[in-house]
Amino acid sequence: MTAHATPAETHSINPATGELLAKYPYVTGEGLEAALTLAHAGYRAWARHEPDARAKCVATLGQLLRRDKQSLALMATKEMGKPITQAVAEIEKCANLCDWYAENGLAMLRDQPTLIGPEAYVSYLPIGSVLAIMPWNFPYWQILRGAVPIVLAGNSYMLKHAPNVQGCALALLALFAQAGFPDGVFSVINVTNDLVSKAIVDRRINAVAVTGSVRAGSAIAAQAGAALKKTLLELGGSDPFVVLADADIDRAVDAAVIGRFQNSGQICIAAKRIILETSIAAEFTEKFVTKVAALEFGDPQNPATYVGPMARADLRDELADQVLRTTQQGAKLLLGGKIPQGPGAFHEPTVLTNVQPGMAAFVEETFGPVAALIHAKNEDDALRLANDSEFGLSGSLWTQRKELARKMARGLETGGVFVNGFSVSDPRIPIGGVKNSGYGRELSHFGVHEFVNAQTVWFDRT
């Protein structure tokens with residue numbers, strides 16, 4: 001069940017059952033050449049479309065997503081194990097994203113005046129074809145949150161999706177065609193790493209967007225940098241969820257359960273390190289463990305299921321090893337921690353406490369249904385612990401003191417801070433990280449302007 005590729009093809013395997021769903025051949029060098037030619041031609045044709053025409057296609061895409069949301073959701077559930085109710089919600093979120101950009105994106109692309117006066121302005125022009133190397137955990141949202149603003153700006157978007165969700169990738173390809181986008185504006189390539197490297201340096205690729213591991217992002221950025229290609233990197237995180245003594249504990253517990261265990265814990269901006277001020281740690285822990293234990297765990301096609309399988313058995317085994325190493329280092333297991341017998345890539349919802357800096361669950365990104373509870377002496381200690389990480393993607397802060405929250409937010413080394421709420425991605429706000437979580441921003445106007453030529457035009461300078 002751990003095998004998901006051969007030298008000639010990728011395999012789509014149902015992580016709940018181990019069933020082989022489909023095989024998808026890798027494209028050859030000739031196939032890559034054809035794909036690059038198509039993406040470049042698609043960009044040339046698409047860039048000539050007026051922004052309002054592009055926006056109409058984006059709006060149509062949103063309508064088609066709603067039309068097909070049940071079948072699209074089931075594909076994600078079968079290919080990567082997302083609980084079906086959450087999979088439907090992902091499609092609805094994608095449709096809302098299309099609506100928002102269709103309505104608001106045109107204003108972001110208008111010529112912008114400068115401080116010089118009306119004789120100088122900035123135009124936002126497309127730069128070409130963007131190669132996107134994407135993960136499996138949100139097989140539609142992760143793609144569309146980048147692709148929609150990128151193509152709205154007039155670029156083309158070439159998707160290299162994760163091997164285990166090729167069905168989702170091809171479903172998106174069909175929807176873009178039905179929405180009226182010209183051939184090549186949105187394309188899909190299933191390629192080996194060697195051919196990805198060739199695509200990165202090809203003159204018909206103008207930029208690269210990556211969501212993945214630090215190792216993969218670093219390697220890809222090095223290749224793109226050597227070829228003078230712009231990159232956007234979102235490389236995951238170990239997000240702090242800080243609960244101070246004056247927080248609304250019941251609200252914080254509910255948010256922590258969702259923020260840690262949604263999508264079976266496989267979210268970059270999940271609440272991975274839950275940092276509790278000591279005076280409220282016992283109360284929070286008791287309530288948190290009770291609610292986690294009550295989560296419906298099992299068949300992802302059951303609408304009541306909240307935690308399903310992990311996407312692959314090898315990823316599940318890596319998570320189990322992180323839990324084992326953390327307990328061997330002195331952490332205490334309060335709940336779960338086992339791999340259930342039977343088929344599927346399941347790992348029990350797990351809660352660890354007494355997690356300390358240097359332990360596996362503190363230092364490493366735990367990408368699955370495992371929560372690490374950490375005690376802090378006071379708010380300064382909580383901030384120190386939160387920043388004691390190579391990552392800096394997002395974070396949550398729970399306190400009823402607004403001015404303290406503002407002060408601590410400025411001290412958090414993260415790309416986002418959510419006060420009295422768990423981290424989310426939303427088209428109205430940017431998302432992205434600092435430190436080893438990457439650089440660049442997606443969503444809001446940042447997502448439109450990330451891959452454009454901000455061209456200065458200045459009349460009659462004399």
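## Aromatic pairs

Eleven aromatic pairs are counted in this structure. Tryptophan 100 and tyrosine 101 form one that is edge-to-face, because their ring centres are 5.0 Å apart and their planes meet at 85°. Edge-to-face requires planes over 60 degrees apart. Tryptophan 100 and tyrosine 101 are both buried. The model is a predicted one.

Tyrosine 157 and phenylalanine 186 make a stacked pair. Their centres are 5.6 Å apart, with 5° between the planes. This pair links distant parts of the chain. Tyrosine 157 belongs to strand S6 (residues 156–160) and phenylalanine 186 to strand S7 (residues 186–188), 29 residues apart. Tyrosine 157 and phenylalanine 186 are both buried. Ring pairs also join the two to Trp46, Phe176 and Phe181 in a cluster.

## Charges over rings

Two lysines are placed over aromatic rings. Lysine 93 lies over the face of tryptophan 141, 4.4 Å from the ring centre. Lysine 230 has its charged end over the ring of phenylalanine 451, at 5.7 Å from the centre.

## The seven-stranded sheet

An open sheet is built from seven strands. Their order is S12-S13-S14-S11-S10-S16-S17, and the pairing is mixed. The edges are strand S12 (332–335) and strand S17 (418–419), each of which pairs on one side only. Strands of a sheet pair through backbone hydrogen bonds, in parallel or antiparallel fashion.

Strand S10 (residues 240–243) and strand S16 (residues 396–398) run parallel. Three bridges join S10 to S16. Valine 243 stands opposite tryptophan 398 in S16. Helix H11 (residues 313–328) lies across S12, strand S13 (350–353) and strand S14 (370–376). Helix H11 runs at about 25° to S13.

## Annotated domain

UniProt, in an unreviewed entry, places the feature "domain: Aldehyde dehydrogenase" at residues 8–457. The end C-alpha atoms of residues 8–457 are 50 Å apart.

## Tyrosine 121

Tyrosine 121 is in strand S4 (residues 117–126). Its relative accessibility is 22%, so tyrosine 121 counts as partly exposed.

## Positive phi in two loops

Most residues other than glycine have a negative phi. Serine 264 has a positive phi, near 55°. Serine 264 lies in the loop between helix H9 (249–261) and strand S11 (273–277). Is serine 264 buried or exposed? Serine 264 is buried, with a relative accessible area of 1%.

Asparagine 354 also has a positive phi, near 60°. Asparagine 354 sits in the loop between S13 and helix H12 (360–363). At 34% relative accessibility, asparagine 354 counts as partly exposed.

How values were computed
Residues are numbered from 1 along each chain as its sequence is written. This is a predicted model: local features need pLDDT of at least 70, side-chain atom pairs count only at pLDDT 80 or more; totals for chains, interfaces and linings use all residues. Side-chain values use heavy atoms; hydrogens and water are left out. Two strands pair if DSSP finds at least two bridges between them. Helices (H or I, at least four residues) and strands (E, at least two) are DSSP runs, numbered from the N terminus. Contact means heavy atoms within 4.5 Å. Axes are lines fitted to C-alpha atoms, for helices over the stretch in contact, and angles run from 0 to 180 degrees between N-to-C directions. Rings of Phe, Tyr and Trp (its six-membered ring) pair if their centres lie within 6.5 Å; planes under 30 degrees apart count as stacked, over 60 as edge-to-face and the rest as tilted. Buried means under 20% relative accessible area, exposed over 50%, partly exposed in between (1.4 Å probe, protein chains only). A charge sits over a ring if NZ of Lys or CZ of Arg is within 6 Å of the ring centre and within 35 degrees of the ring normal. UniProt positions are given in the numbering used here, feature names are shortened, and annotations may be inferred rather than shown by experiment.
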